[in-house]
Amino acid sequence: MHALLRPFAIKSSGDLARIGVILALFGLILFGALRYDNFLSPFNILSFLRYNSMFALIALGMALVIMTGGIDLSVGGTAAMASVVAALLSPYHWAAGLFGGMAAGLAIGALNGFIITKMRIQPFIATLATMLAAYGTGLLLANNQSVSVSYDTGFTVIGQDDFLGFPIPAWIGLGAYVIGWLVLEKLPVGRHILAIGDGEATAGLMGLKVERTLAAVYLASGMLAGLAGVILASQFGAGQPTEGVGWELFAIASVVVGGTLLTGGSGSVGATLAGALLLAMVFNILNFENGLGWISLSAYWQSVIRGAFLLVVVVLQAKLMARHEAP
């Protein structure tokens with residue numbers, strides 16, 4: 001019996017937090033299914049997955065960064081800039097829009113990696129600067145207005161169409177998380193990421209290529225933010241240079257709710273996805289609650305409630321982890 005239960009054993013406080021976020025996600029789904037008539041309708045499920053794939057992508061990049069003990073505040077600005085670049089290139093070919101937007105994200109990621117690893121600037125300051133630069137670049141390229149995409153090259157298929165009955169953005173997000181899981185759990189670079197989070201100096205003494213790993217992590221975060229920007233432009237039919245505000249906070253919250261410590265050294269790709277879906281589910285449930293007519297919450301009050309919910313989840317996780325670690 002003990003051998004059968006061993007795979008499900010809680011080995012650390014991080015495991016406890018990850019189990020907690022998964023249980024909370026299923027609890028919300030059950031609550032919504034019991035309370036609202038069309039909560040589990042195909043339309044709501046597919047719309048939910050299509051829209052929130054963007055936030056799941058930036059949460060994945062943020063998770064990898066935070067596991068190293070860093071932070072990336074530029075993801076929202078990067079997504080906004082990439083949406084503009086993708087929209088501007090979409091008339092030439094759908095692939096031009098897709099890879100152009102991703103290249104824009106890679107450029108910001110490369111800049112972040114260079115500033116942090118070569119110039120030795122703290123990630124908070126470095127990515128705050130590139131966030132402002134990305135927003136400014138997007139506004140300059142767009143001439144301070146939305147940029148319509150081309151509907152003739154198939155670019156909008158990326159964000160608006162389905163494949164095998166499943167939204168294409170959700171397929172993209174699922175593929176990114178599978179790759180992220182493989183990198184973190186099956187490849188040496190995953191262990192290097194966590195080792196750097198435990199202590200950058202110690203990782204260097206162990207012979208790990210710290211600068212190369214950090215640069216790769218920020219490149220990945222930038223590319224994923226750029227991909228989110230491509231989906232944004234394709235899904236809504238326009239590059240939007242003023243979008244992305246607060247996306248970095250959503251990504252950080254998803255990572256923290258998923259049980260990853262802000263100090264780095266631990267984390268889970270699957271739990272990060274569960275955290276992103278949990279926060280998105282709160283917004284979805286609030287919309288259904290508005291539809292019942294019992295309450296009427298503006299977007300401002302919905303933000304307050306989501307913030308309060310996040311605080312409650314984090315506090316509960318902290319208490320559970322403290323109780324688990326107590327002798």
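**View 1. Leu132 sits in helix α6 of this predicted model.** Helices here are DSSP runs of H or I with at least four residues, strands are E runs of at least two, and both are numbered from the N terminus. Leu132 is exposed, because its relative accessible area is 56% (exposed means over 50%, buried under 20%, partly exposed in between, with a 1.4 Å probe and protein chains only). This is a predicted model, where local features need pLDDT of at least 70 and side-chain atom pairs count only at pLDDT 80 or more, while totals for chains, interfaces and linings use all residues. Residues are numbered from 1 along each chain as its sequence is written, and side-chain values use heavy atoms, leaving out hydrogens and water.

**View 2. Arg50 and Asp162 form a salt bridge.** Their closest N and O atoms are 2.6 Å apart (a salt bridge is a side-chain nitrogen of Lys or Arg within 4 Å of a carboxyl oxygen of Asp or Glu). Arg50 belongs to helix α3 and Asp162 to strand β2, so the pair ties together parts that are 112 residues apart in sequence. Arg50 is buried, at 15% relative accessible area, whereas Asp162 is partly exposed, at 39%.

View 3. For Lys118 and Glu211, the closest N and O atoms are 3.0 Å apart; for Arg120 and Glu211, the distance is 2.7 Å. Arg120 lies in the loop between α5 and α6, and Glu211 in helix α11, 91 residues apart. Look at the surface too: Arg120 is exposed at 54%, and Glu211 is partly exposed at 29%.
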